[in-house]
Amino acid sequence: YVEQAEQYISENFATIKSVGAIAQHIGISHDHLRHVFRAKRGESLVCQLNKVRIARARSLLAHSRLTLKEIASLCGFKDEYYF
């Protein structure tokens with residue numbers, strides 16, 4: 001389940017609205033996925049999702065001329081202020 005969650009996050013980080021969406025995609029309960037993920041990786045699903053989003057944002061900031069608002073949107077953040 002952990003590997004499936006990581007794969008789904010890496011492919012869909014910009015459109016994931018909640019951790020529940022990850023669990024639903026995998027076909028298990030939100031609580032079970034949260035517990036299994038933390039036990040195997042030592043961090044939360046939200047932390048992993050944010051790491052992937054920030055890594056992509058960092059790359060876009062360094063190699064593009066996009067605005068903060070555009071980068072925030074492309075990386076799945078609610079808005080540029082939250083980003």
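Helices (H or I, at least four residues) are DSSP runs, numbered from the N terminus. This is a predicted model, in which local features need pLDDT of at least 70 and side-chain atom pairs count only at pLDDT 80 or more, while totals for chains, interfaces and linings use all residues. Residues are numbered from 1 along each chain as its sequence is written, and side-chain values use heavy atoms, with hydrogens and water left out.

**Stop 1: helix α3**

Select residues 30–41. The end C-alpha atoms of α3 are 16 Å apart, which agrees with the 16 Å that its 12 residues should span at 1.5 Å a residue; the expected span is 1.5 Å times one less than the number of residues.

Now show the side chains of Leu-33, Val-36 and Phe-37, which are buried (under 20% relative accessible area; exposed is over 50%, partly exposed in between; 1.4 Å probe, protein chains only). They cover an arc of only 100° around the axis, so they lie on the same side of α3; the arc is that of the directions from the helix axis to the C-beta atoms. On the other side of α3, His-35 and Ala-39 are exposed.

Then step to Gly-42, which follows α3 and has a positive phi, near 75°.

**Stop 2: the cores**

A nonpolar core is a set of buried Ala, Val, Leu, Ile, Met, Phe, Trp, Tyr and Cys residues joined through side-chain atoms within 4.5 Å. The largest has 17 residues, and Ala-5, Ile-9, Ile-16, Ile-22, Ile-26, Leu-33 and Leu-45 have the most contacts inside it. At least two residues of this core come from each of α1, α2, α3 and α4. Another core, of 6 residues, lies apart from it and includes Leu-60, Ala-72, Cys-75 and Phe-77.

**Stop 3: the aromatic cluster**

Select Phe-77, Tyr-82 and Phe-83, which form one aromatic cluster. Rings of Phe, Tyr and Trp (its six-membered ring) pair if their centres lie within 6.5 Å; planes under 30 degrees apart count as stacked, over 60 as edge-to-face and the rest as tilted. The whole structure has 2 aromatic pairs. The Phe-77 and Tyr-82 rings are tilted, because their planes are at 50°, with centres 6.1 Å apart. Phe-77 is buried at 9% relative accessibility, whereas Tyr-82 is exposed at 54%. The Phe-77 and Phe-83 rings also make a tilted pair, with centres 5.1 Å apart and planes at 50°.
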